[in-house]
Amino acid sequence: MKEPEKILEAKDICKAYGKNMVLNQVNLTIKAGEIYGLVGENGAGKSSLMKVITGLTKPTSGEISLFGKKNLEDERNKIGCLIENPALYMDMTARQNLEIQRTQRGIPGKSSIDEVLEIMDLKDAGNKRVKAFSLGMKQRLGIARAIIHRPEILLLDEPINGLDPMGIKEMRELFCSLAHEQNMTVIISSHILSELENTADYIGIIANGQIQREAAIKDIQENFPSGLEEYFFEAMRGDKTE
């Protein structure tokens with residue numbers, strides 16, 4: 001079987017704000033078709049790493065390559081992201097929000113709006129004002145904005161924060177659908193271990209601005225009786241695997 005393409009590589013990424021080093025020699029490889037879970041406590045560097053990958057902030061040092069290329073201006077057009085809170089216009093409808101994004105992206109025609117509303121299960125809510133949406137619906141609309149141009153990579157920063165159990169279940173099903181049916185490589189940051197264990201194919205643990213460990217979920221579950229939770233806390237203690 002052909003080895004999946006390396007779709008994203010980060011090499012020795014550092015990011016400092018003054019004397020505060022938020023990313024410290026981060027090395028990361030993500031393959032096409034994966035759901036990659038980036039796990040860490042608040043302040044570990046998850047959001048900062050995602051911002052560097054998407055170009056929202058520049059690294060102090062190190063380099064990113066996308067699709068095997070280091071000239072990232074065109075390649076970053078193949079990325080969709082939802083970092084921190086969705087940037088939505090609350091007094092507009094879902095369709096109007098998506099129309100703004102479609103226009104900014106230069107996407108011809110309006111069929112893309114209907115397509116993402118269908119994918120995100122928001123078809124019946126397209127003409128409702130966003131201020132009437134539940135938190136889960138706002139998250140779905142934020143992701144709809146991120147995928148309207150059909151990106152090859154989707155980055156989601158803490159997408160299940162604040163959702164109730166049903167909303168979390170729906171998001172889990174959505175992420176798997178985007179990866180396995182829409183052929184997107186999905187990168188999800190979270191500190192909710194149980195949910196990432198049920199969603200991700202591969203896990204990277206980040207702490208103090210560094211990737212401490214990486215492993216496939218199936219390998220974690222085979223080698224750690226308590227699964228990802230045990231793997232995570234062992235990494236936090238600085239223990240080393242055999």
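User: Which residues does Ile 143 touch, leaving out those up to four places away in sequence?

Analyst: This is a predicted model. In it, Ile 143 touches Leu 82, Met 120, Leu 154, Leu 156, Met 171, Leu 174, Phe 175 and Leu 178.

User: And which residues touch the most other members of the largest nonpolar core?

Analyst: Ile 143 again, along with Leu 141 and Ile 203. That core holds 47 residues.

User: Which helix gives the most to it?

Analyst: Helix H6, residues 165–180. It puts in 6 residues.

User: How many residues are in the second core?

Analyst: The second core has 27 residues and is separate. Val 26, Ile 30, Leu 49 and Ile 79 are among them.

User: Switching to the sheet. What is the strand order?

Analyst: E2-E1-E4, in an open sheet of 3 strands. The pairing is antiparallel.

User: Which strands sit at the edges?

Analyst: Strand E2 (20–31) and strand E4 (61–66). Each pairs on one side only.

User: How far are neighbouring strands turned against each other?

Analyst: By 15° on average, direction ignored.

User: How many bridges join E1 to E4?

Analyst: There are 5, with E1 spanning residues 6–17.

User: What stands opposite Lys 11?

Analyst: Glu 63, in E4.

User: Which helix lies across these strands?

Analyst: Helix H1, residues 46–54, lies across E1, E2 and E4. Its angle to E2 is about 65°.

Notes:
Residues numbered from 1 in each chain as written. Predicted model: local features only at pLDDT ≥ 70, side-chain atom pairs only at ≥ 80, totals over all residues. Heavy atoms only, no water. Pairing = 2+ DSSP bridges. Helix = DSSP H or I, 4+ residues; strand = E, 2+ residues; numbered from the N terminus. Axes fitted to C-alpha atoms, helices over the stretch in contact; angles between N-to-C directions. Contact = heavy atoms within 4.5 Å. Core = buried A, V, L, I, M, F, W, Y, C linked by side-chain atoms within 4.5 Å. Buried < 20%, exposed > 50% of the residue type's maximum accessible area, 1.4 Å probe, protein only.
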